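This briefing covers selected features of one protein structure, grouped by topic. Please consult the sequence and the structure shown here alongside the points that follow.

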Amino acid sequence: MSAPTRRLTTAQALVRFLSAQYTERDGVRRRLIAGTWGIFGHGNVAGIGQALVEYADVMPYHQGRNEQSMVHAAVGYARQLDRLSAQAVTTSIGPGATNLVTGAALATINRLPVLLLPGDYFASHAPDPLLQQLEHPVEADVSVNDTLRPVSRYFDRITRPEALIPSALQAMRVLADPAETGAVTLALPQDVQAEAYDWPEEFFAERVWYVRRPAPDPVELSAAIEAIRSAERPLIVAGGGVHHSRAEEALKAFVEATGIPVASTQAGKGSLRHDHPADLGGIGHTGTAVSDALARTADLVIGVGTRYTDFTTASGTLFQNPDVRFLNLNITGFDAHKLAARTLVCDARSGLERLAEGLAGHRVPEAYEAEYRAGKDRWDEVVAAAYRADDDSAVPTQTQVLGALDATVGDDDVVINAAGSLPGDLHKLWRSRSPRQYHLEYGYSCMGYEIPAGIGVQQAAPGTPVWALVGDGTYLMMPTEIVTAVQEGLPVNIVLLQNHGYASIGGLSQETGGERFGTAYRFRAADGTFTGAPLPVDLAANAASLGMDVLRAKTVRELREALAAARASDRPTCVYVETDPAATAPPAEAWWDVPVAETATREAAVEARERYDRHVVDRRHHL
């Protein structure tokens, strides 16, 4: 007797399959693919589009305005839910598909799951070439979707209906695997999407993907415990893996037992509350003075769930103790082996718990604790000064905007940012009160991420106040998902800071001899130079035209009132403020390597190269 089957199109089978996939960790079960974002065109409208109509009762659909931003929304959703639930994104062929590449790179670099379902050419090559098809002279099976291969953790082109079965299972495996996750792409030729097949009923059965918490190897664990016991000045660098593993309580218990201080990467900030005695704030180029001072003298750096980007290591110049050694606790061996470290390849929470057991009774020297606590107190005074606004009638600086927001938010509010000068100020100054409050995308630092990510976070955490912080440059990159927030009734708050140009890259340009060329929004004069007059662009009016409520704030007092009103609103709301361009954030405490022209005639570049040469000699290879 033959096994039961169900006759469906490939697209229908895929949607039905996705609706039955779950993750489970620590006894908590979630839908693995909780919904699908889509913009339809030829290549997905008659296949995936029809399937989403067919199964609207089991697969929620969300309409986007830009393919890249749909991926950003899905990434924000997955991050808020600790990678235990994700969303799919479907697009047409051609530009719809290639618009996915930036979002896919962001997801994979940040180790965050998203399922991409771009349309593709006809597998049969019946119409050839068809509209928007890329023709390669020697590889007929190449399409524009192949641009997604290097930025995907798993990629397949489904050229026969039955090929979907093993590929869909592999896709779910990768999405649910904490060590492998990222963007997953299933390219779907449009004729195959619509082709019917007799699918085995087992394909549609509920399937649970258990998210592992691998324990540390006993030999590695023993060596790690000995390394910590031998250290006089150990320092923990907390990365995003602490959050993904929900290891915050384990980290807190470990720190309170041992007295080892914690500095955090952008992804790891909030691993401890800002007011915990051992929390030193950010580390690296955008770190705090206390974190970077301790990093320079640390004899053991304990990385927990971090990738050690150049911002964290100050381009290899930060950890200056001649005898410094590294111990990396990471779920991937790839990251654990960085900086020639001792490795502890395991889940962050299970690793920290085992370390705490093995270090029972061990604590760092009292003088070391007193040193870092005094440094923390000094830095708290720096933060207070940057936030303080003595004149409520004055135009606020950027750090005073952060101070006003700090005074407005509750412990569970989520603050989102990704690019510009704000990430540096936030990493140094923001007082994180809960593990999910600080949502910085800094693996790819993608302008335009904030607004769609805010939508994803709001979907993942209904009722939670969400704040997308954007400068004018970022806003102009991708404001279109404001319409989506309005359409979906999601009360995302945007804090829009107008400073008439690319402030962050303008400062970097000045520092590296570029003289702020091409970084300001100004009128071009007849001689080709840019005048001092800002462009007559009204971004607040633009936000209002897209359906947001807009509150304009010209002073510190008005800003505080506007932020409070936005938090109380149940509508998407934009707080628009033109900031005083005066630099009020504390300067960088560590270097970042941006190569400067080795030869130049202009004085600014010559001086910048001299500064560069003084710094670059401090770079080390840790072996």
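The structure is a predicted model. The axes of helix H10 (residues 248-258) and helix H14 (residues 348-358) cross at roughly 20 degrees, and H10 and H14 are therefore roughly parallel to each other. The points below treat this helix pair, then the surroundings of H14, and finally two individual residues.

**Packing of H10 and H14**

- Two packed helices are described by the angle between their axes and by the distance between the axes.
- For H10 and H14, the axes come within 9 Å.
- The crossing of H10 and H14 is left-handed.
- On the H10 side, the contact is formed by Ala250, Leu251 and Phe254, which meet Arg349, Leu352, Glu353, Leu355 and Ala356 of H14.
- Sorted by class, this contact between H10 and H14 has six nonpolar residues, two charged residues and no polar ones.

- The buried residues of H14 are Ala348, Ser350, Gly351, Leu352 and Leu355.
- These buried residues pack against helix H8 (218-230), helix H9 (240-244) and H10, as well as against strand S15 (300-304), strand S16 (325-330) and strand S17 (342-345).
- Leu352 and Leu355 are buried, and both also belong to the contact with H10.
- The N-terminal end of H14 is capped by aspartate 347, with a side-chain oxygen 3.0 Å from the backbone nitrogen of arginine 349.
- Arg349 in turn takes part in the contact between H14 and H10.

**Serine 85**

- Serine 85 is located in the loop that lies between helix H3 (67-80) and strand S6 (86-91).
- Buried means under 20% relative accessible area; serine 85, at 2% relative accessibility, therefore counts as buried.
- The serine 85 side chain reaches the backbone oxygen of arginine 31 at 2.7 Å.
- A polar contact of 3.4 Å links the side chain of serine 85 to the side chain of tyrosine 77.
- Not counting residues up to four places away in sequence, serine 85 touches Arg30, Arg31, Leu32, Ala34, Tyr77 and Ala78.

**Alanine 562**

- Alanine 562 belongs to helix H23 (residues 556-568).
- With a relative accessible area of 6%, alanine 562 is buried.
- Leu551, Ala553 and Val575 are touched by alanine 562, not counting residues up to four places away in sequence.
- The C-alpha atoms of alanine 562 and valine 577 are 9.8 Å apart in space, while the two residues are 15 residues apart in sequence.

Key. Residues numbered from 1 in each chain as written. Predicted model: local features only at pLDDT ≥ 70, side-chain atom pairs only at ≥ 80, totals over all residues. Heavy atoms only, no water. Axes fitted to C-alpha atoms, helices over the stretch in contact; angles between N-to-C directions. Helix = DSSP H or I, 4+ residues; strand = E, 2+ residues; numbered from the N terminus. Parallel < 35°, antiparallel > 145°, perpendicular 65-115°, else oblique. Left-handed = near helix turned anticlockwise from the far one by under 90°. Contact = heavy atoms within 4.5 Å. Nonpolar A, V, L, I, M, F, W, Y, C, P; charged D, E, K, R; others polar. Buried < 20%, exposed > 50% of the residue type's maximum accessible area, 1.4 Å probe, protein only. Polar contact = N/O pair within 3.5 Å; in protein donor to acceptor, adjacent residues only side chain to side chain.
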